Amino acid sequence: MAATTGILILNHKQIEQKIRRIAYQIYENNIAEKEIILAGITKSGYKLAKKLNDMLQEISPLQTLLCKVEINKTAPLSDQIKTSLTPTQYQDKSIVIIDDVLNSGATLMYGCKHFLEVPVKKLQTAVLVDRSHKKFPINADFKGISLSTSLNEMVQVNFTDTDSKVLLF
């Protein structure tokens with residue numbers, strides 16, 4: 001599927017505005033914290049986490065620590081979930097699990113489960129697009145846009161330095 005055949009939902013500037021707003025919301029909800037963990041689910045979720053990290057450093061004194069979370073999105077129980085941080089690095093910390101699109105909620109649910117294997121202070125979720133096709137009882141605490149789609153449609157997020165976009169196919 002070529003990226004040019006999709007319907008443009010968000011352009012680069014709109015994505016940057018959404019990221020700024022989400023960063024402010026994360027800051028407001030974690031203002032009392034000294035450090036928070038931004039756990040981005042590979043690949044686009046981690047790219048979004050890096051962008052949120054950059055924005056948080058620009059707008060707040062919050063110390064952030066980036067964490068890459070590797071989950072097999074098609075079969076999350078088949079492979080062990082891997083993170084770039086050790087459990088002692090995120091124990092008793094506030095964590096924001098970040099993905100590009102919330103569809104069924106499975107990826108965020110399994111990501112949350114992984115982080116709950118040690119005591120954490122707070123666990124929140126952030127997504128750029130919430131499609132609301134939930135099969136699991138998980139909501140996005142911070143979201144850029146809620147998008148009503150049919151189950152057979154696909155949302156694609158492309159992050160680049162100059163031409164990020166969200167497309168609907």
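Keep in mind throughout that the model is predicted.

I start with the sheet. Six strands make up an open sheet, and their order is β4-β3-β2-β5-β6-β7. The pairing is mixed. As a reminder, strands of a sheet pair through backbone hydrogen bonds, either parallel or antiparallel. What stands at the edges here? β4, residues 82–83, and β7, residues 142–146, each have a single partner strand, so one side of each is left without a neighbour in the sheet.

Now one pair within that order. β5 covers residues 94–102 and β6 covers residues 122–130; the two run parallel and are joined by eight bridges. To place yourself on the model, find I95, whose bridge partner in β6 is L123.

Helix α4, residues 106–115, lies across β2, β3, β4, β5 and β6, and runs at about 160° to β5.

Let me stay with α1. This helix has 18 residues and reaches 26 Å from its first C-alpha to its last, close to the 26 Å expected at 1.5 Å a residue. Which residues of α1 are buried? They are I15, I19, I22, A23, I26 and Y27. These residues cover an arc of only 140° around the axis, which puts them on the same side of α1. On the other side of α1, K13 and E28 are exposed.

How many disulfides does a search of the whole structure find? C67 is in no disulfide, and the nearest cysteine sulfur, in C112, is 13 Å away. Since a disulfide needs sulfur atoms within 2.5 Å, the 13 Å between the sulfur of C112 and that of C67 is too far for a bond. Is C67 buried or exposed? With a relative accessibility of 0%, C67 counts as buried. C112 also counts as buried, because its relative accessibility is 10% and the cut-off for buried is under 20%.

Last, S44. This residue sits in helix α2, which spans residues 44–59. Its relative accessibility is 17%, so S44 counts as buried. What does S44 touch, leaving out residues up to four places away in sequence? The contacts are D100, V157 and F159.

That is the end of the talk.

Note on methods
Residues are numbered from 1 along each chain as its sequence is written. This is a predicted model: local features need pLDDT of at least 70, side-chain atom pairs count only at pLDDT 80 or more; totals for chains, interfaces and linings use all residues. Side-chain values use heavy atoms; hydrogens and water are left out. Two strands pair if DSSP finds at least two bridges between them. Helices (H or I, at least four residues) and strands (E, at least two) are DSSP runs, numbered from the N terminus. Contact means heavy atoms within 4.5 Å. Axes are lines fitted to C-alpha atoms, for helices over the stretch in contact, and angles run from 0 to 180 degrees between N-to-C directions. Buried means under 20% relative accessible area, exposed over 50%, partly exposed in between (1.4 Å probe, protein chains only). The expected span of a helix is 1.5 Å times one less than its number of residues. The arc is that of the directions from the helix axis to the C-beta atoms.
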